[in-house]
Amino acid sequence: TDNTPTGVGFNPTGTKMFVVGKQNDLVIEYDLSSAFLPSTATKVHSFIVTVDTDPEDIHFNPTGTKMFIVGSQADQVHQYTLSAPFVLSSASHDHAFSINTQENNARAIWFDNTGKKMFIIGFTGDDVNVYKLSTPFVVSSASHVS
C-alpha cells in the first residue's frame, strides 16, 4: 500500500499493527491473526494523513483512544481521538503541537506509560527532545524540558 514505510505501532495484545507510509501519506491498519506476527496481517483500513505530507511515526495511548503522528514536513505532533479503540476509521484530529523550535525534521515519537513525558527524535537536531505533559496524553499541555 505504501513503498516507503517509516514507522510501526501495535496495540498492547499485538493483534493490530499500524504502519506509517510516507510515500502516500498513509497509516495502514492491519489485523494480525497471530500476535505480533506481521506475516499473518490482513489489511483493514488506510488512513490518509492530510496534516503532514511526510508522516514518519505513530504512537497510541495504552487504551487506543488517542493516536499521535509526527512528520518531517509540518514540524508538529498531531493528536487524534479514536471513538473506537485502535480503529483508524474512528479517528478525528484534535490538536497540532508545534515542535519547530526544537526540531524541524522529526523522525520518531514515543510516550512513557503515564503519558506525562513525550520524546521526539529528530534528524536536524540529531537529538532526543523531551517534553513534559501536565495532562497525560494531551499534547496541548506539553512543554519542552530538555
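Reader: Is Asn105 buried or exposed, and what is its relative accessible area?
Author: This is a predicted model, and in it Asn105 lies in the loop between strand S8 (91-98) and S9. A residue counts as buried when its relative accessible area is under 20%. Asn105 falls under that cut-off and is therefore buried, with a relative accessible area of 16%.

Reader: With which side chain does the side chain of Asn105 make a polar contact?
Author: Leaving aside residues up to four places away in sequence, Asn105 touches Ser72, Asp75, Gly122, Phe123 and Thr124. Its polar contact, at 3.1 Å, is made by the side chain of Asn105 with the side chain of Arg107.

Reader: Which strands stand at the edges of the open sheet of 4 strands?
Author: The order of this sheet is S9-S10-S11-S12, with antiparallel pairing. A strand with a single partner has one side left without a neighbour in the sheet, and so the edges are held by strand S9 (106-111) and strand S12 (142-144).

Reader: What is the bridge partner of Ile109 in S10?
Author: Strands of a sheet pair through backbone hydrogen bonds, either parallel or antiparallel. Here S9 and strand S10 (residues 117-122) run antiparallel and are joined by 5 bridges. In S10, the partner of Ile109 is Ile120.

Reader: Which residue in the turn of the hairpin formed by S1 and S2 has a positive phi?
Author: Strand S1 (residues 5-10) pairs with strand S2 (residues 16-21) in the antiparallel sense over 5 bridges, and Pro5 has Gly21 as its bridge partner in S2. Between the two strands of this hairpin there are 5 residues, and the one in the turn with a positive phi, about 80°, is Gly14.

Conventions
Residues are numbered from 1 along each chain as its sequence is written. This is a predicted model: local features need pLDDT of at least 70, side-chain atom pairs count only at pLDDT 80 or more; totals for chains, interfaces and linings use all residues. Side-chain values use heavy atoms; hydrogens and water are left out. Two strands pair if DSSP finds at least two bridges between them. Buried means under 20% relative accessible area, exposed over 50%, partly exposed in between (1.4 Å probe, protein chains only). A polar contact is a pair of N or O atoms within 3.5 Å; within protein, one must be able to donate a hydrogen and the other to accept it, and residues adjacent in sequence count only if both atoms are side-chain atoms. Contact means heavy atoms within 4.5 Å.
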